[in-house]
Amino acid sequence: MPLLLALAAGLTVPLFIWGYQLRTAGRPAPTDLAEPAAKAAKPEEFGPFGGVINPIGRPFAPLVAATLSGAGRSRLRRRIDRAGRPAGLTVEGYAANKAGNILIYGSVGVLGILAGQSMVGGALFIIGLVQTDIVLWNLSRERQEEIQKSLPDFLDVLTVTVSAGLGFRHALARVADSMPGALSDEMKTALRQMDLGTPLREAFEGLRQRNDSEALASFVTAILQAEELGSPLARALSEISTDMRRDAFQNARRRAQRADPQITLIVTFLMLPAMMALVISIMYFGTNGSFF
């Protein structure tokens, strides 16, 4: 019974936050046309229940930010860039979300510990500590996978555009506008940096550092080599696209090979016992219990 009470107390906080968000999201829009449109649009907040958690943790964000060293801040900025700066996330926004999670889950965890459920309370406190990092890591992983998958098609269109006689920068901008997504956003960022005076090498080196996609790193290397050696860019892009499709095919085969043992394990330990129990039950009831 104490364990059930502690679990119920732990679920109370996220359920309350969820209900509060549903209530606020369901409010009708104001009908007064004279009211400014800025009030109707609320800025998006980072993380699950960020609209409630971030305001709670914002007063304590400097305390969390103070625990980050200079190198830690640099690594955090790279992680945020890798995730695509979701909801305009900054180091301060990360600290606010982390502080809010620690306060909410930590307070419930302390109540669980005081109620004698130290395991449940400790688990809730750990959830508060790692939830922000887990959400950021998951967003980063999904974004890098999207970039990895969309790069061969992007390069095919870019190759055709360059072969038609358009300059590389103009072709890159046109393809980025016609194929929206995470990869296009990264290319537009590099183009904006070049428009502001950043050299091509520095802009593309920054593109490689913001992402951990191997395919994108190979693309940047080939572009820089073609720029330095003066080799035909269309041929280089076509070769890169072919290599990436070959790598994607090999990665898909490796994932399929890794899935075979997992499927066998599931069949062995889940489906096979259930089927055996079903067969035995049918034989038992079919023979009116005389099977044994």
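Helices and strands are DSSP runs, a helix having at least four residues and a strand at least two, and they are numbered from the N terminus. On that basis, this predicted model has a chain whose elements run α-α-α-α-α-α-α-α-α-α-α from the N terminus on. The count is 11 helices and 0 strands. Of the 292 residues in the chain, 32% count as buried. Among contacts in the chain with a separation of 6 or more, 66% are between residues 24 or more positions apart.

**Largest pocket**

- The largest pocket holds about 780 Å³ of space. Its lining consists of 24 residues, and those closest to the pocket centre are Gln 144, Glu 145, Gln 148, Ser 213 and Glu 214.
- Four helices each supply at least two lining residues: helix 4 (70-82), helix 6 (118-163), helix 10 (214-229) and helix 11 (233-286).
- Helix 6 contributes the most to this lining, with 9 residues.
- By residue class, the lining of the largest pocket divides into 11 charged, 7 nonpolar and 6 polar residues.

**Asn 97 in helix 5**

- Asn 97 is placed in helix 5, which covers residues 91-114.
- The relative accessibility of Asn 97 is 2%, so Asn 97 counts as buried, the cut-off being under 20%.
- The side chain of Asn 97 has a polar contact with the side chain of Asn 54 at 2.8 Å. The Asn 97 side chain also reaches the backbone oxygen of Phe 46, at 3.2 Å.

**Asn 101 in helix 5**

- Asn 101 also has its place in helix 5.
- Asn 101 is buried because its relative accessible area is 1%, against a limit of 20%.
- A polar contact of 3.0 Å joins the side chain of Asn 101 to the side chain of Thr 132.
- Not counting residues up to four places away in sequence, Asn 101 touches Ile 53, Gly 106, Gly 128, Gln 131 and Thr 132.

**Ile 102 in helix 5**

- Ile 102 lies in helix 5, and its relative accessibility of 25% makes it partly exposed.
- The C-alpha atoms of Ile 102 and Gly 128 are separated by 4.4 Å, although the two residues are 26 residues apart along the chain.
- Beyond neighbours within four places in sequence, the contacts of Ile 102 are Ser 107, Phe 125, Gly 128 and Leu 129. Gly 128 is also touched by Asn 101.

**Aromatic pairs**

- The whole structure contains 2 aromatic pairs. In one of them, Phe 168 and Phe 204 are tilted, with 6.1 Å centre to centre and 35 degrees between the planes.
- This pair links distant parts of the chain, with Phe 168 in helix 7 (residues 168-178) and Phe 204 in helix 9 (residues 200-210), 36 residues apart.
- Phe 168 and Phe 204 are both buried.
- Ring pairs join Phe 168, Phe 204 and Phe 219 into a cluster.

**Loop between helix 4 and helix 5**

- Arg 85 lies in the loop between helix 4 and helix 5. Its phi is near 50 degrees, a positive value in a residue other than glycine.
- With a relative accessible area of 40%, Arg 85 is partly exposed.
- Ala 87 lies in the loop between helix 4 and helix 5 as well. The phi of Ala 87 is near 55 degrees, again positive in a residue other than glycine.
- Ala 87 is partly exposed, at a relative accessible area of 35%.

**Ser 238 in helix 11**

- Ser 238 belongs to helix 11, and at a relative accessible area of 36% it is partly exposed.
- Between the C-alpha atoms of Ser 238 and Pro 152 the separation is 9.4 Å, while the residues are 86 residues apart along the chain.

Definitions and conventions
Residues are numbered from 1 along each chain as its sequence is written. This is a predicted model: local features need pLDDT of at least 70, side-chain atom pairs count only at pLDDT 80 or more; totals for chains, interfaces and linings use all residues. Side-chain values use heavy atoms; hydrogens and water are left out. Buried means under 20% relative accessible area, exposed over 50%, partly exposed in between (1.4 Å probe, protein chains only). A polar contact is a pair of N or O atoms within 3.5 Å; within protein, one must be able to donate a hydrogen and the other to accept it, and residues adjacent in sequence count only if both atoms are side-chain atoms. On a 1 Å grid over the protein atoms alone, a cavity is a set of points where a 1.4 Å probe fits but cannot get out, and a pocket is an open set with protein on both sides within 12 Å along at least five of seven lines; lining residues have an atom within 4 Å of a point. Grid points are joined across faces, edges and corners, and a volume is the space filled by probe spheres set on the points. Ala, Val, Leu, Ile, Met, Phe, Trp, Tyr, Cys and Pro count as nonpolar, Asp, Glu, Lys and Arg as charged, and the others, Gly among them, as polar. Rings of Phe, Tyr and Trp (its six-membered ring) pair if their centres lie within 6.5 Å; planes under 30 degrees apart count as stacked, over 60 as edge-to-face and the rest as tilted. Contact means heavy atoms within 4.5 Å.
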